[in-house]
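Let's take a walk through this protein together, one topic at a time. Keep the picture open as you read, and look up each residue as it comes along.

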Amino acid sequence: MASERMADGRDGDRPEGRSGNRQESLPRPRDPAGDRQEPLPRPLDSIDRDILQILHTDGRASIRAVAERVHVSRANAYARINRLIDDGVIRGFGARINHERAGQGASAYITLKIVQNTWRTVREHLRTLPGASHIALVSGDFDVLLLVHTPDNRALRELVLTRLQSIPEVLSTRTLLVFEEDDLEPES
């Protein structure tokens, strides 16, 4: 039923994220970047994996629909989804966007070589860039892979030549224009 969609949150059936009364029995390890505490990983069972597949395919699926498809009660489905959120397995719910139709006609992967041990500083600069949609620290011939979407090539040129290359820790960049892209849809 449409009123039970998790995205609209009007029926009280929507997972709310971290609950304030949850007790942690083990200390949380630091994430590899050292910025925040991460919950200890918990093994996922087949029901958890099925729930993740359903929500990956349709992030707006209702709790009732998820429960029916994985053959558990609504309360169980709700609790499992909340636990997956609390554990950081589910990072959020979002829309898959056609960037061209949304006015972002130029897309590019940009590789960056950066000064050693400056990843955290560079990452903070990159997070503020307009149109940045994915940032990854990688191994190989370059250090960082950045995906950006801009309105046109002029805006892309400005982003690379003015914004990126003015970051002191960035040694060099290489821009790979995206001619066509296709998000892979999850298998149902």
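## Charged pairs

Start with the charges: the count of salt bridges here comes to seven, where a salt bridge is a side-chain nitrogen of Lys or Arg within 4 Å of a carboxyl oxygen of Asp or Glu. In general, side chains of opposite charge can pair when their charged atoms come close. Helices (H or I, at least four residues) and strands (E, at least two) are DSSP runs, numbered from the N terminus. Arg 80 and Asp 48 are buried; buried means under 20% relative accessible area, exposed means over 50%, and partly exposed is in between, using a 1.4 Å probe and protein chains only.

Arg 42, Asp 45, Asp 48, Arg 80, Arg 83 and Asp 87 are linked in a network of salt bridges. Within it, Asp 87 pairs with Arg 83, with the closest N and O atoms 3.7 Å apart. Arg 83 sits in helix α3 and counts as buried because its relative accessible area is 18%. Skipping residues up to four places away in sequence, Arg 83 touches Arg 42, Leu 44 and Asp 48, a contact being heavy atoms within 4.5 Å.

Now hop over to Arg 127, which forms a salt bridge with Glu 124, the closest N and O atoms being 2.9 Å apart. Both lie in helix α4, three residues apart, about one turn of the helix. An α-helix has 3.6 residues a turn, so residues three or four places apart point the same way.

What you're looking at is a predicted model: local features need pLDDT of at least 70, side-chain atom pairs count only at pLDDT 80 or more, and totals for chains, interfaces and linings use all residues. Residues are numbered from 1 along each chain as its sequence is written, and side-chain values use heavy atoms, with hydrogens and water left out.

The mean pLDDT of the protein is 82, and 78% of its residues reach 70 or more; pLDDT is the predictor's confidence in each residue, from 0 to 100. Over residues 1–30, though, pLDDT stays under 50.

## The overall layout

How many helices and strands does the protein have? There are five helices and four strands, and reading along the sequence gives the pattern α-α-α-β-α-β-β-α-β. Of the protein's 188 residues, 30% count as buried. Among contacts between residues at least 6 apart in sequence, 65% join residues at least 24 apart.

Here's one place where the chain comes back to itself. Gly 105 is in the loop between α3 and β1, and its C-alpha atom is 6.4 Å from that of Thr 150, which is 45 residues away along the chain. Beyond its neighbours within four places in sequence, Gly 105 is in contact with His 99, Glu 100, Thr 150 and Pro 151.

In soluble globular proteins, nonpolar side chains tend to be buried together. A nonpolar core is a set of buried Ala, Val, Leu, Ile, Met, Phe, Trp, Tyr and Cys residues joined through side-chain atoms within 4.5 Å. The largest one here has 17 residues, and those with the most contacts inside it include Ile 110, Leu 126, Val 148 and Leu 164. At least two core residues come from each of β1 (106–114), α4 (119–127), β3 (144–150) and α5 (153–164). A second, separate core has 14 residues, among them Ile 54, Val 66, Val 72 and Ile 90.

Which residues of α5 are buried? They are Leu 156, Leu 159, Val 160 and Leu 164. These cover an arc of only 85 degrees around the axis, so they are on the same side of α5; the arc is that of the directions from the helix axis to the C-beta atoms. The buried residues of α5 pack against β1, α4, β3 and β4 (170–178). On the other side of α5, Arg 154 and Arg 157 are exposed.
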